[in-house]
Amino acid sequence: MSFTIATSPHTHQRRTTQQVMRWVYLCMIPGVAALTYFFGWGVWLQMLLALITAIFTEAACMWLRGRSARFAWRDHTAIVTALLLAVSIPAYAPWWIIVIGTSFSIVVVKHVYGGVGQNLFNPAMAGYVLLLISFPVQMTSWPVPQSLAQYTINFADSVSLVGSGYTQSGYNMEQLRTGVDGATMATPLDSVKTDLSRSLTPTEALAKPIFNDIAGIGWMWVNLAFLLGGLALIYLKIISWHIPGGLLLGLAVPSILMSLFAPGQAIGLSLHLLSGATMLGAFFIATDPVTAATSNRGRLYFGLLIGFLTFVIRTWGGYPDGIAFAVLLANMCVPVIDRYTQPIAYGHGGRS
Amino acid sequence: MSVLTAILVFGGLALLFGLILGFAAVRFKVESDPIVDQIDAILPQTQCGQCGYPGCRPYAQAIANGDAINKCPPGGDATIKELADLMGVEAKPLDSAHGAEDVKKVAVIREDECIGCTKCIQACPVDAILGAAKHMHTVIAHECTGCDLCVEPCPVDCIDMVPVPTKPETWQWDLQQIPVKMVATADQES
Amino acid sequence: MTADPKTIAAGHIWTFPGGIHPPERKELSNTYPLRELPLATHYSVPIKQHSGEPGDIIVRVGQTVLAGQPLTQVGVGFGLPVHAPTSGTVTAIGPGRIAHPSGLPDIVITITADGKDTFAPPLPIQDVATASRADLLEQLRQAGIAGLGGAGFPTAQKLALQRPLDYLIINGVECEPYISADDRLMREQASTILRGADLLLDITQCPQALIAIEDNKPEAIAAMQAALTDYPRMQLRVVPTKYPSGGEKQLIQLLTGRQVPSRGLPIDIGLVMHNVGTAYAVARAIDHGEPLLQRVVTVTGEHVAKPGNYWVRLGTPVEHVLQVTRYTAETNQRVIMGGPMMGFTLPDLTVPVVKITNCILVPSTAELAPPQQEMPCIRCGACADVCPAQLLPQQLQWLAKAKDYDGLNQQNLFDCIECGACAYVCPSEIPLVHYYRKAKAEVRNIAREKAKAEVARKRFEARNERLEREKAERLERHRKAAEARKQAQAEAVKAGADNPQDAVQAAIARAKARKAAQLKEQQANSEPDGEST
């Protein structure tokens, strides 16, 4: 009689990478629902295109590396990358935008560095930054929330817009972004930033119709929805609170100080926290374990750094939002953060 | 005039940095081990002579004088890598002209065949063989480096090189190599 | 360090970082009272069942032995004797299966039982109260007592270290899932365990003891609490259920807030820890003169029909244990010695039960799923969150795979207690502990090779020196011989004999003259032709 040899431990908590990833995209549902409610079906088309691209490019990479594609698909990390990029870009960006972005994320940022677990940079954000730098017009053309829009976009229009750049009735994106008052509408952060740079006071800048809610129509609810999903992730112990907590703190503290000491240039706390990609970034993007710091203390610093950099870019940088750049910059700092936040091992003089 | 100023500035700077560097060279001089000792510490001390030198220290001397670092089969790739780090050169694969990396072995004399000629005793580089003329010889197993040098001189070919057996204490957790079939237990043999 | 003695005495329970809560499954075995396992027909007793050197064999094949008779004696090293588990005949001494994860053979003494189970007369200490410390330690050594908690360190050797102690800790935590051997022993033998603890206090000259039990064992807690009324020097400490709270270092942190320094011992911070099973064995050895012949073994798992805790004689083949408890095997069955977190699988059932065997687990694949294929690490950090030693398991894993031994040292690989919490939570199912164990074995191996190389280098140099010296001596001898010869000649000349040197000179002169004459002749012959030859 002979028996199977195995190494201890012989028992295992059954939570696989696949399950972790599945929870991540399930928790994106509230945010995606809010995006759909305010901006129409575009986000679904982007997600679909992103998924198809991700699955094919992942298979191609695995084939080139001489491995089984199914092995890579099984962990669902490519799905999460694709979905995160899809919800980050403007809902009606032309189809090739998301295809290029996702391919870049999967091929260059992930597989060129050695596949899952080996990449230095957050794939979704690296893809986003590539797109933002290469195609600034398309990447900043966010649609107007539907309640303010002159033209409503139905599902067929969405398909047509993403596919050809025009709705069925022949409007292009630029026309669609025109609000009821006839002026082109920017995203809340973009609008405030432009107005502040034209020496308007924050009160004047916030007088526009898009700011009828606290932090911009639509955007506030999208952020709150992602916050809800993010809290679910923490509750399910998929992520720890350290990165999102650090990020929000790192963003909130300087913005409060700015409001106190230089109110003329301050974007304001509510706008910082509830506009742009803040909540998506804090709970879904910065928490990518591969490219984040390792220890809990390190994660806190990592989050603080992203929050602070985001604040700096939003306030003084050339782009309206800064989450993507901040995440990539913080990714670069991870080895240093890890080096200085290594926990003191048992028996090495640490406090118990 | 401005040209003169520039020359003076750069000349002054050059002088200043030169002084700093010179001071640093004297003040922070690193007293390191002689390189031969460092190389010798890396070599496996098998004293087998497969490198073409009569022992590890002579080879260390040779490396210090610029000989290749890939001539040591008992050390294998691990030793070559360490030597490459120390010498600041590229790690090369083992030079097959000097032999191949092998499992660790130990010499065993088939004692009933030994004629007591003492030839192996003279060949042993680490004095790990005991015996006297016309008396049976034996290998002190834990001092034997497995260098193979005693095998050739033996006129009656009574020395075997056997692989060092793995003991539970020295086991390397090779789970795949556990013999799953039954071992002969003592009572089955008797 | 917040190791305020008053806080410890007040019963404060600290916490330790990390830890996990795997399914306990102790109810499978802990509802049955302790039972004696029926005798086997033969026993194979490995001569080394503790950490350290084995003793010297003092029996020979064919010899009849009584139960409790020593088979080995303490040799030159810190050995520990093993004893015959029952009466019978020594039928073989040689390599056989031992209880080790490698499955490699070691020396085993095989005893065929005669079925009578006759005991050798016990040798208790006559008057324990007046016995010297040395006598008590010798008694424990002769009884072959090693730590029964898992490491198997010789108990007498541990007690021999004399340092000022604050607390003796008796470990009844038993945090590993499935195992309930200590639980049952505490429920049924509480007073003997405390008697043993009392003896340990006397031997170590320690003022007080803490008895630690995990809060998932209410019956054991009640039993020990009741017995404690007779022992004012001891206090009960109930610790929360969390794996690995029973690990020596973790339990010390829980009870005292202190940390054992890296590569140090508990005694360095004034503590010493013994398992409840060891305390029981100590009491039996000193009060009754019983050597360590048997121990409580939990036999459990869904593939055992009669699970429970059994008194098993040391040397009993696992096969016999499982036959008595009626196990059934499925394909790819695993038989685990120890618990599901730290135990090792057996290659076959000839492996004997030894001093460190606390459990034999025969699980179904439904309750303990077989390992899955290893996936890439996604650096999720779940391992670092549960590591009780505050290490970075994923970092160690990368370094271990890269064989970066310096890096592993920097990341304190050797502070890993191999508890398996990291591998338990890893979503990529990476067998992390396996990598650490392999890396540790490699590091130890490299150290061993280095030490050996150093010895070889010294021997080589000594030999070269010897050869040089011999050569110099030989040359010196030759020189002396030549000188002696010269002197002898000189004396001979002086004495009037022909100087041999003169003779040589004369011969050389003669030869020269002849050569010159020949040359002249040749020149004379060749000149008339006007040619040179």
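Strands are counted as pairing if DSSP finds at least two bridges between them. Helices (H or I, at least four residues) and strands (E, at least two) are DSSP runs, numbered from the N terminus.

β14(C) and β16(C) belong to an open sheet of six strands with mixed pairing, in the order β1-β13-β12-β16-β14-β15 (chain C). The edges are β1 (35–36) and β15 (344–345) of chain C; each has a single partner strand, so one side of each is left without a neighbour in the sheet. Helix α4 (residues 181–188) of chain C lies across β12 (294–300), β13 (308–313) and β16 of chain C, and runs at about 125° to β12(C). For such angles, axes are lines fitted to C-alpha atoms, for helices over the stretch in contact, and the values run from 0 to 180 degrees between N-to-C directions.

## Numbering and confidence

Residues are numbered from 1 along each chain as its sequence is written, while chains are lettered from A and ligands numbered from 1 in the order in which they are written. Because the model is predicted, local features need pLDDT of at least 70 and side-chain atom pairs count only at pLDDT 80 or more, whereas totals for chains, interfaces and linings use all residues.

The pLDDT is the predictor's confidence in each residue, from 0 to 100. Chain C averages 89, and 96% of its residues score at least 70. Within chain C, confidence is highest in β13(C), at 96, and lowest in helix α15 (residues 500–526), at a mean of 77. For the complex, the predictor gives an ipTM of 0.81 and a pTM of 0.83.

## A parallel sheet in chain C

Another open sheet of chain C has four strands with parallel pairing, in the order β10-β9-β8-β11. Its edge strands, β10 (234–239) and β11 (271–275) of chain C, each pair on one side only. From one strand to the next, the twist averages 25°.

Five bridges pair strand β8 (residues 167–172) of chain C with β11(C) in the parallel sense; in β11(C), Asn275(C) is the bridge partner of Asn171(C). Helix α5 (residues 190–204) of chain C packs on this sheet and touches β8, β9 (209–214), β10 and β11 of chain C, its direction making about 150° with that of β8(C).

An unreviewed UniProt entry annotates Cys377(C), Cys380(C), Cys383(C) and Cys426(C) as "binding site". They span 50 residues in sequence, yet no two of their C-alpha atoms are more than 10.7 Å apart, so they gather at one spot. UniProt positions are given in the numbering used here, feature names are shortened, and annotations may be inferred rather than shown by experiment. Cys383(C) is found in helix α10 (residues 382–386) of chain C and is buried, with 28 other C-beta atoms within 10 Å. A residue is buried if 20 or more other C-beta atoms, placed from the backbone, lie within 10 Å of its own, exposed if 12 or fewer, and partly exposed in between. Cys426(C) lies in the loop between α13 (421–425) and α14 (432–494) of chain C. Not counting residues up to four places away in sequence, Cys426(C) touches Ala382(C), Cys383(C) and Leu432(C); contact requires C-beta atoms, placed from the backbone, to lie within 7 Å.

The "binding site" annotation from an unreviewed UniProt entry also covers Cys387(C), Cys416(C), Cys419(C) and Cys422(C). Cys387(C) sits in the loop between α10 and α11 (393–401) of chain C and is buried, with 27 other C-beta atoms within 10 Å. Cys419(C), in the loop between α12 (405–410) and α13 of chain C, counts as buried with 28 C-beta neighbours inside 10 Å.

Thr187(A) carries the annotation "modified residue: FMN phosphoryl threonine" in an unreviewed UniProt entry. Thr187(A) is found in the loop between α10 (173–176) and α11 (188–197) of chain A, and is buried, with 23 other C-beta atoms within 10 Å. Beyond four places in sequence, Thr187(A) touches Trp142(A), Trp219(A) and Pro320(A).

The contact between the chains takes 35 residues from chain A and 59 residues from chain C. On the chain A side, 13 of the residues are nonpolar, 19 polar and three charged. Here Ala, Val, Leu, Ile, Met, Phe, Trp, Tyr, Cys and Pro count as nonpolar, Asp, Glu, Lys and Arg as charged, and the others, Gly among them, as polar.

Key:
Two residues are in contact if their C-beta atoms, placed from the backbone, lie within 7 Å.
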